[in-house]
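Dear colleague,

Please find below the structure that I am handing over to you. I would be grateful if you kept it open while reading the notes that come after it.

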Amino acid sequence: MPAKSKKQATPTALPRRKDLPMTADAILKDFSHYFGRMLGRRSVSTESPFIYQAVVYAARDRLMERWGKTSDAIEARDYRRVSYLSLEFLMGRLLRNALLNLSIEDETAAALNRIGLDLEDIYEREKDAGLGNGGLGRLAACFLDSCATLALPVVGYGIRYQYGMFHQRIDNGYQVEDPDSWLREGFPWEIERIEYTQTVKFGGRSNSYTDNAGVTRFQWVDTHDVLAIPFDVPVPGYENDIVNTLRLWSASATDGFDLEEFNAGSYVDAVASKNAAENITMVLYPNAETENGQELRLRQQYFLASASLQDTIRFWILHHGNDFSEFAAKNCFQLNDTHPAVAVAELMRLLIDEHGLDWDAAWDITRRTMAYTNHTLLPEALEMWPVSMFRRLLPRILDIIYEINARFIAEISQRWPGDNERVRRMSLIQEGNDPMLRMAYLAIVGSYSVNGVAALHSRLLREGLFSDFAELWPEKFNNKTNGVTQRRWLAACNKDLAELISEKIGSDWTTELTQLQQLATFANDAEFQERWRSVKNRNKARLASDIERKTGLRVSTDTIFDVQVKRIHEYKRQLLNLLHVVHLYDRIRRGKGEAIVPRTIIIGGKAAPGYTMAKNIIKCINNVARVINSDPAMAGKLQLVFYPDYNVSAMELICPAADLSEQISTAGKEASGTGNMKLMMNGALTIGTLDGANVEIRDAVGAENFFLFGLTVEEIAALHGQYEPQAIIDKDDDFKRVMELLDSGHFNRFEPALMDSITQSIREPADAWMIAADFRSFVDAQAAAATAYTDEPHWTAMSILNTAASGRFSTDRTMHDYNDDIWHLEPVVLAKE
């Protein structure tokens with residue numbers, strides 16, 4: 001039955017206490033309290049994991065004070081809020097960022113130094129939070145950082161994965177996935193908020209009934225319910241006392257233990273419902289190669305959407321009762337990619353079934369509160385689900401989607417009478433033997449804003465993937481180029497460079513990154529260049545030590561550090577990078593390596609467990625690396641590293657050390673990229689295609705400071721049906737030798753046919769990634785980069801100019817753009833003491 005209009009009682013606030021001091025003495029006192037009294041430890045040992053926890057608790061106390069004040073201010077002034085729904089939040093380690101934003105890093109270091117502890121060692125004890133995989137999750141984390149720094153009232157909603165993605169281990173060159181037990185020692189940043197637990201429904205059936213007013217309504221009955229338990233993580237702004245919230249949902253059974261089954265000896269059955277529920281939040285992106293894996297992914301997406309929307313409505317009713325007339329004026333739901341698109345139908349269900357609104361009122365609210373960010377041009381990533389699966393798992397949601405689609409088709413037919421082909425293309429249901437739900441289309445139809453994440457990506461959405469919708473609703477479509485937060489990706493991870501920059505231009509760049517443009521004045525200053533190179537060399541030495549610790553390989557810092565670190569996928573073209581490596585190897589082996597500039601190629605990233613081709617690429621990289629790194633002829637000239645278990649903390653070491661940033665995806669395939677921005681910000685030069693945000697990076701830094709190669713989107717389109725990779729190989733002697741080496745088994749002597757899938761994919765005329773087409777252009781651009789590197793003053797000037805031009809790629813600017821054009825939030829003003 002619809003809920004009755006009833007405003008909940010407002011909880012009584014506790015008396016305000018005086019804020020904790022931010023001095024070294026106070027921090028040491030609090031550390032000692034937590035270490036001794038809460039954690040029960042009597043002596044400080046540098047090996048104790050409890051040291052890290054005690055430091056976190058001391059810092060968290062100071063965050064809690066500001067967290068409470070932020071929440072109080074938002075509630076007191078009834079600010080419009082954004083609920084940011086994302087299946088990933090790749091937060092990385094939190095301690096350094098928290099201390100930096102609280103401005104107590106030096107004080108904490110001094111406090112710990114008094115008892116013989118090094119803060120840098122304690123930073124290393126923290127595990128990366130297993131809440132994401134790649135750029136999507138890292139972007140979401142940067143967004144939250146910038147929103148807090150800009151004092152925007154934004155709540156992040158995600159899933160508290162028990163085991164994250166996976167821990168990547170390399171065994172005989174193969175990727176092996178081990179559980180990422182990041183919660184094994186606890187997560188001291190989180191606060192469990194069981195009082196805000198929500199119930200999420202699955203299965204069952206829709207039941208119609210007539211209410212007292214004679215209106216036909218629906219109930220979702222006979223369901224299998226799962227509890228969504230929230231855990232809150234503080235997100236501090238930079239030096240502004242604002243602390244926003246990341247709320248993570250953990251799944252639990254409504255009845256976790258069947259004592260009768262247990263006593264009967266059915267121990268597995270006794271916990272069956274508990275296990276089934278907890279599977280939902282067990283791992284990020286379960287393998288979708290099986291139907292069970294697909295079903296679990298759908299459960300995850302609905303679990304996130306339903307729990308988050310219910311929580312937002314709970315907050316609304318607490319302050320406004322069951323009057324939803326101003327709900328859209330005070331709320332926005334930002335869908336981070338297509339995963340949470342089911343939120344459109346779920347909000348309709350909650351408003352109609354649970355809170356008694358009619359369809360038109362609920363649809364008006366939905367279309368004024370939902371905003372959709374698309375992050376991919378790849379059709380397979382647009383979340384299509386079998387109708388049969390939806391009917392089984394989410395029958396009431398399916399009813400609502402069918403109704404949305406019927407009304408939408410009527411709208412299309414009115415605009416384009418008789419255009420059945422257009423109706424077929426735009427329908428939310430892809431008809432066929434196994435009808436599919438098009439979730440991206442649902443997100444577009446139900447949202448008031450649809451944005452891409454780079455200028456090229458947004459244009460391709462409007463002109464290609466979503467062209468029919470852009471023609472119908474051109475006003476919905478807009479671009480919001482991604483960014484990264486300079487607090488983590490320069491100030492925290494590259495302290496030496498940050499200090500050098502601040503010495504020259506001041507520290508305002510930490511909140512206004514465009515200030516970095518002042519560095520251009522010093523690009524050709526010999527003394528500044530020398531200090532710039534010194535910082536880079538120290539960073540390279542730190543990375544080299546880390547590589548040796550993790551792989552046993554000793555790399556030379558007197559080489560170009562040529563870096564490609566990102567998710568392993570065919571469109572990102574780690575394979576093209578590998579072909580260039582084999583080309584260099586071939587030249588050296590044939591005695592033509594005198595002019596080759598010494599180079600260390602560093603590749604890192606994870607392949608999805610079910611993505612066979614991506615895992616084959618990892619194996620091939622490792623096989624080629626084994627041959628090259630064991631060949632005396634390569635010494636001092638060429639090394640290849642596959643960096644294992646790449647994550648946020650690894651990138652914090654890699655991006656300050658990189659000389660050359662490989663952004664080599666097939667044009668038109670990468671939505672934006674953010675690794676390109678992090679590397680640029682730290683002074684790496686980019687070699688890349690005109691894809692994603694590369695276009696805007698090149699525009700910002702100038703063509704002369706960017707190594708461009710490859711076909712454009714338009715040139716690739718013109719090759720459709722005419723692409724002949726074997727002909728390209730045959731006309732290029734260097735390419736032919738590379739392929740002959742791969743075909744010969746040189747890199748897989750005892751593993752027959754290992755390279756076959758790789759070489760076949762390159763020769764395949766239907767190869768959508770255009771590896772062969774871009775080989776020669778890539779090799780030539782790499783040669784140009786190597787030549788430029790030999791001119792030390794010129795290379796250093798280009799490095800400085802890249803950092804100077806990175807100002808537009810801050811998420812502070814991105815969040816300003818979202819807020820100006822989509823969210824329309826008012827910054828939070830804290831109450832004066």
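Predicted model: local features only at pLDDT ≥ 70, side-chain atom pairs only at ≥ 80, totals over all residues.

Cavities

Searching the whole structure gives 7 cavities of 30 Å³ or more. The volume of the largest cavity is about 160 Å³. Its lining consists of 14 residues, and those nearest the centre are Met91, Leu94, Asn97, Pro236 and Arg488. Three elements each contribute at least two residues to the lining of the largest cavity: helix 3 (95-102), helix 6 (135-149) and strand 9 (224-236). Sorted by class, the lining of the largest cavity comprises 9 nonpolar, 2 polar and 3 charged residues.

Aromatic rings

A pair of aromatic rings is described by two quantities, the distance of the centres and the angle of the planes. In this structure there are 24 aromatic pairs. One of them joins Tyr157 and Trp249: the ring centres are 6.3 Å apart and the planes are at 5 degrees, so the pair is stacked, the cut-off for stacking being under 30 degrees. This pair connects distant parts of the chain, since Tyr157 belongs to strand 2 (residues 154-159) and Trp249 to strand 10 (residues 243-253), 92 residues apart. Are these two residues buried or exposed? Tyr157 has a relative accessible area of 2% and is therefore buried, and Trp249, at 0% relative accessibility, also counts as buried.

Ring pairs also link Tyr84, Phe89, Phe143, Tyr818 and Trp823 into a cluster.

Sheets

Strands of a sheet pair through backbone hydrogen bonds, in either the parallel or the antiparallel sense.

Strand 14 pairs with strand 15 (residues 436-438) in the antiparallel sense, over 2 bridges. Within strand 15, Leu437 is the bridge partner of Ile429.

Strand 18 (residues 560-565) and strand 21 (residues 660-663) run parallel and are joined by 2 bridges. The bridge partner of Asp562 in strand 21 is Leu660.

A loop residue

Where does Asp419 lie? Asp419 is found in the loop between helix 15 (395-415) and helix 16 (420-426). Its relative accessibility is 24%, so Asp419 counts as partly exposed, a class that lies between the limits of 20% and 50%. Along the chain, Asp419 and Arg776 are 357 residues apart, and their C-alpha atoms are separated by 46 Å.

With kind regards

Notes
Residues numbered from 1 in each chain as written. Heavy atoms only, no water. 1 Å grid on protein atoms, 1.4 Å probe; cavity = no way out; pocket = protein on both sides within 12 Å on 5 of 7 lines; lining within 4 Å. Points joined across faces, edges and corners; volume = space filled by probe spheres on them. Helix = DSSP H or I, 4+ residues; strand = E, 2+ residues; numbered from the N terminus. Nonpolar A, V, L, I, M, F, W, Y, C, P; charged D, E, K, R; others polar. Pairing = 2+ DSSP bridges. Phe/Tyr/Trp six-rings, centres within 6.5 Å; stacked < 30°, edge-to-face > 60°. Buried < 20%, exposed > 50% of the residue type's maximum accessible area, 1.4 Å probe, protein only.
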